[in-house]
Amino acid sequence: MSAVQVIKPHEKDLGGGFVVRRLLPSALRQAVGPFLFFDHFGPVSVRPDDQFDVRPHPHIGLATVTYLFEGAILHRDNLGFEQRIEPGAINWMTAGRGIVHSERRPADLAGQHYTNHGLQLWVALPAALEQVAPSFVHTPADAIPQAAVQGAAVRVLVGEAFGLRSPVATLSPTLYLDLNLAPGQSFDLPMLAQEQALYAVTGSVSLSGEVLPERHLGVLSQASVLQAGPEGCRLVLLGGQPLGHRHIRWNFVSSDPARLDQAGRDWEAGVAEAGMGQVPGETERIPMPPRPGAH
């Protein structure tokens with residue numbers, strides 16, 4: 001039996017021709033630890049006339065985690081936070097009982113060509129904490145701990161590993177690492193979390209002899225010896241404590257399916273008390289899509 005479960009990406013058009021590679025949820029598994037959504041976007045060349053902005057939209061019952069390798073995104077939310085997201089930083093938005101945000105081209109990049117490349121992940125919240133107050137926390141790149149481990153460059157984005165602890169606060173055991181291996185380099189990777197997976201951002205890597213192709217996710221069941229290909233590789237490791245099955249509908253996540261229905265009604269009604277109010281300075285809203293089979 002293979003020690004690695006390989007998940008292939010499938011492409012998803014988010015609108016305006018902005019295509020991402022989605023790894024989670026998949027037909028093979030919904031989640032790895034608390035991570036239940038994994039999108040890899042770019043590298044994409046953004047032209048002045050491209051319409052890649054994501055208009056205001058809601059979330060409940062999850063935390064979003066945004067990490068850029070290149071480019072910039074302007075985050076705004078209905079709590080009043082406005083944050084330029086740049087490479088190397090961790091931006092953690094806890095939706096809890098409800099939050100609304102937009103993701104747009106920063107004003108200083110209007111009329112310019114630039115490259116965007118990064119990862120957008122969702123983390124489930126413990127069932128007892130799905131209704132916590134929403135929040136947004138930006139951790140700049142220079143606050144993320146990093147070190148050379150076995151000769152590899154390792155950044156601990158979230159959680160604790162190799163004697164390094166990230167300052168990013170979580171509501172359950174969560175691990176997220178950025179690893180860079182030189183061409184042909186080997187790396188002994190222990191099981192650092194109850195569940196963990198490796199994603200090959202660039203370059204391929206073998207896991208105890210099994211090849212993980214570029215842009216594929218490998219779910220690990222045991223410690224592995226990593227061997228970078230001749231071009232080297234950049235990997236992210238994600239995992240943590242599994243939190244059980246979650247119901248997902250559009251941008252809503254909950255252990256209670258009835259909560260998804262209520263969130264949809266709140267969004268359509270613009271109920272500020274439920275966290276579905278307007279983002280300051282924004283007038284647009286993405287409408288709730290109809291449920292499959294609805295007429």
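**Strand partners and aromatic pairs**

Reader: Which residue in S22 does Gln-196 stand opposite?
Author: Strand S19 (residues 195-202) and strand S22 (residues 217-220) pair in the antiparallel sense over 4 bridges; strands here are DSSP runs (E, at least two residues), numbered from the N terminus, and two strands pair if DSSP finds at least two bridges between them. Within this pairing, the residue in S22 that stands opposite Gln-196 is Leu-220.

Reader: At which pLDDT do side-chain atom pairs count in this predicted model?
Author: Residues are numbered from 1 along each chain as its sequence is written, and side-chain values use heavy atoms, with hydrogens and water left out. The model is predicted, so that totals for chains, interfaces and linings use all residues, whereas local features need pLDDT of at least 70 and side-chain atom pairs count only at pLDDT 80 or more.

Reader: Which are the edge strands of the open sheet of 7 strands?
Author: The sheet has the order S1-S22-S19-S24-S17-S14-S13, with antiparallel pairing. Two strands in this order pair on one side only, namely strand S1 (4-7) and strand S13 (146-149).

Reader: Which residue in S11 does His-40 stand opposite?
Author: Strand S4 (residues 35-46) is mostly covered, with 9 of its 12 residues buried (under 20% relative accessible area; exposed is over 50%, and partly exposed lies in between, with a 1.4 Å probe and protein chains only). It pairs antiparallel with strand S3 (residues 19-24) over 4 bridges, where Arg-21 stands opposite His-40. Strand S4 is also joined by 9 bridges to the antiparallel strand S11 (residues 114-124), in which the residue opposite His-40 is Leu-119.

Reader: Why is the pair of Tyr-67 and Tyr-176 edge-to-face?
Author: The structure holds 8 aromatic pairs, and rings of Phe, Tyr and Trp (its six-membered ring) pair if their centres lie within 6.5 Å, with planes under 30 degrees apart counted as stacked, over 60 as edge-to-face and the rest as tilted. Tyr-67 in strand S6 (residues 62-70) and Tyr-176 in strand S17 (residues 174-181) are 109 residues apart, and both are buried. Their ring centres are 6.2 Å apart, and the pair is edge-to-face because the planes stand at 70°.

Reader: Is Phe-187 buried or exposed?
Author: Phe-187 forms an edge-to-face pair with Phe-162, at 5.8 Å centre to centre and 85° between the planes. Phe-162 is partly exposed, with a relative accessible area of 28%, whereas Phe-187, at 0% relative accessibility, counts as buried.
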